[in-house]
Amino acid sequence: MRGEWMDAACIFDRHISSRIEMLHRVMREQLKRMAKTLELTVNQLELIVILSMSELNTAGEIAKALGVSRSLLSKTVEELVQAGCIEAVPDERDRRMIRLHLTPQAQETAEHCKAMQHAFYQEICAGIDGGDM
């Protein structure tokens, strides 16, 4: 009997894993559509969202959290600085440290993105009872 339960648990785990992977792919496609609508790259949009929703505000912290190289992130930061979406400001206590801040234009973009994200989550959770979550 124990073996049957173990087999069932493995099948259940694979089923959940495939559903999570599918949801991740759908979410990435949604992110791509949002970025295109806002005339940004996916990397640029992700950085704007991270800056708007977290305490992270240096390239090093963000690169570490995302698991990407600082050079890749630096390219995205430079693009957003040039576009007027973020400001790179030296830290008041440690001038070697550069803090990243969203401009009002990027704040508006972040709010629009959050609204689109909320609508997407509402759509994928439609029909799920709150008690089931």
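E111 forms a salt bridge with K114, with their closest N and O atoms 3.3 Å apart (a salt bridge is a side-chain nitrogen of Lys or Arg within 4 Å of a carboxyl oxygen of Asp or Glu). This is a predicted model, where local features need pLDDT of at least 70 and side-chain atom pairs count only at pLDDT 80 or more, while totals for chains, interfaces and linings use all residues. Residues are numbered from 1 along each chain as its sequence is written, and side-chain values use heavy atoms, with hydrogens and water left out.

**Salt bridges**

- By the rule above, the count comes to six salt bridges.
- E111 and K114 both sit in helix α5, three residues apart, or about one turn of the helix (helices are DSSP runs of H or I with at least four residues, strands are E runs of at least two, and both are numbered from the N terminus).
- As background, an α-helix has 3.6 residues a turn, so residues three or four places apart point the same way.
- E111 is partly exposed at 45% relative accessible area, and K114 is partly exposed too, at 26% (buried means under 20% relative accessible area, exposed over 50%, and partly exposed in between, using a 1.4 Å probe and protein chains only).
- R28 and E46 also pair through their side chains, at 2.7 Å from N to O.
- R28 belongs to helix α1 and E46 to helix α2 (residues 42-53), so this pair ties together parts that are 18 residues apart in sequence.
- D94 and R96 make another salt bridge, at 3.0 Å from N to O.
- Here D94 is partly exposed at 24% relative accessibility, whereas R96 is exposed at 74%.

**Helix α2 and its surroundings**

- α2 has twelve residues and spans 16 Å from its first C-alpha to its last, close to the 16 Å expected at 1.5 Å a residue (the expected span is 1.5 Å times one less than the number of residues).
- This helix is mostly covered, with nine of its twelve residues buried.
- The buried residues of α2 are V42, Q44, L45, L47, I48, V49, I50, L51 and S52.
- T76 is in helix α4 (residues 70-82), and this threonine is buried, with a relative accessible area of 5%.
- Leaving aside neighbours within four places in sequence, T76 is in contact with N43, Q44 and L47 (contact means heavy atoms within 4.5 Å).

**Nonpolar surface patch**

- M22, L23, V26, Y121 and I124 form a nonpolar patch on the surface, with about 370 Å² of accessible area together.
- Patches are built from residues with over 30% relative accessible area and no salt bridge, joining like charges within 9 Å and nonpolar side chains (Val, Leu, Ile, Met, Phe, Trp, Tyr) within 5 Å; areas come from the Shrake-Rupley method with a 1.4 Å probe, and for residues only the protein chains shown count as cover.
- α1 (2-37) and α5 (104-125) each supply at least two of the patch residues, and α1 gives the most, with three.
- L23, in helix α1, is partly exposed at 34% relative accessible area.

**Cysteines**

- There are zero disulfides in the structure (a disulfide is a pair of cysteine sulfur atoms within 2.5 Å).
- C85 is buried at 5% relative accessible area, and C113 is buried at 3%.
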